[in-house]
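Here is a short briefing on one structure. Take a look at the model first, then read the points below.

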Amino acid sequence: MKTMNRGMVTAFSAIGIAQGLKILTHKKMTGKWDWKQAFTTGGMPSSHSAGVTALATYVAANKGTRHTETALAAVFGVIVMYDAQGIRRHTGEIAQLVNNLEDSIVAMSGDFPSFEYVESEKELKELLGHQPIEVLGGAILGGLLGLISAKIENDERRVVRTSRYMD
């Protein structure tokens, strides 16, 4: 992995693992397998939280908590997690209200023959953001993956240093 940025690999791996775990959590909640969950927004755990927390934890473990890179990753992570459980979640709730309103208008239009309403072909996507517990789940997953990645890298460095002294 010498040619790749391990921080990026760690963050993207956390995102991928979190997206894969959504299939399992969906199965546990609904009893149905749905492979599309790997490509959806929202749900448990938050892949946004997992990615940014993995990156921040990885950087902190390698650079220290007082390093500027750690501060950047942590601040970036807090903003992303706040957005995931705040603004995006509220946008999904508004989409749900709009979809329900349209259903009500369609139902009412049947009672009034002179009222013409053309129903939208598709509903707005409602699952956009995360509940706080989903953000926390992603953060825990990302934190663990960030620590594991930093430990692997540090162990690899130690082996290289040891082999140099042995030669």
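His48 sits in helix 2. The model is a predicted one. At 34% relative accessibility, His48 is partly exposed, because that value falls between the 20% cut-off for buried and the 50% cut-off for exposed. His48 and Ala84 are 36 residues apart in sequence, yet their C-alpha atoms are 7.3 Å apart in space.

**Helix 2 and its ends**

- Helix 2 covers residues 47–63, which is 17 residues.
- From first C-alpha to last, helix 2 reaches 24 Å, close to the 24 Å expected at 1.5 Å a residue.
- Ser46 caps the N-terminal end of helix 2. A side-chain oxygen of Ser46 lies 3.4 Å from the backbone nitrogen of His48.
- Gly64 follows helix 2 and has a positive phi, near 100 degrees.
- Which residues of helix 2 are buried? They are Ser47, Ser49, Ala50, Gly51, Val52, Thr53, Ala54, Ala56, Thr57, Tyr58 and Val59.

**Salt bridges**

- How many salt bridges does the structure hold? There are six.
- One of them joins the side chains of Glu156 and Arg6, with N to O at 2.6 Å. Glu156 belongs to helix 5 and Arg6 to helix 1 (residues 6–30), so this pair ties together parts that are 150 residues apart in sequence.
- Is Arg6 buried or exposed? Arg6 is buried, since its relative accessible area is 9% and buried means under 20%.
- Arg157 forms a salt bridge with Glu153, and their closest N and O atoms are 3.5 Å apart. Both residues lie in helix 5, four residues apart, about one turn of the helix.
- Within that pair, Arg157 is partly exposed at 39% relative accessible area, whereas Glu153 counts as buried at 13%.
- Arg6, Glu153, Glu156 and Arg157 are linked in a network of salt bridges.
- Lys151 pairs with Asp155 in a salt bridge, the closest N and O atoms being 3.1 Å apart. Lys151 and Asp155 are four residues apart in helix 5, so about one helical turn separates them.
- Asp155 is partly exposed, at 28% relative accessibility.

**Nonpolar surface patch**

- What residues make the nonpolar surface patch of about 560 Å²? They are Ile133, Leu136, Ile140, Leu144, Ile148 and Ile152.
- Ile140 has its place in helix 5, which covers residues 132–166.

**Aromatic pair**

- A pair of aromatic rings is described by the distance of the centres and the angle of the planes.
- The count for this structure comes to one aromatic pair. Trp33 and Trp35 form that pair, with 5.7 Å centre to centre and 10 degrees between the planes.
- The pair is stacked, because planes under 30 degrees apart count as stacked.
- Is Trp35 buried or exposed? Trp35 is exposed, because its relative accessible area is 59% and exposed means over 50%.

Definitions and conventions: Residues numbered from 1 in each chain as written. Predicted model: local features only at pLDDT ≥ 70, side-chain atom pairs only at ≥ 80, totals over all residues. Heavy atoms only, no water. Patch = residues over 30% accessible without salt bridge, like charges linked within 9 Å, V, L, I, M, F, W, Y side chains within 5 Å. Areas by Shrake-Rupley, 256 points an atom, 1.4 Å probe, with all protein chains shown as cover. Salt bridge = Lys/Arg side-chain N within 4 Å of Asp/Glu carboxyl O. Helix = DSSP H or I, 4+ residues; strand = E, 2+ residues; numbered from the N terminus. Phe/Tyr/Trp six-rings, centres within 6.5 Å; stacked < 30°, edge-to-face > 60°. Buried < 20%, exposed > 50% of the residue type's maximum accessible area, 1.4 Å probe, protein only. Expected span 1.5 Å × (residues − 1). Polar contact = N/O pair within 3.5 Å; in protein donor to acceptor, adjacent residues only side chain to side chain.
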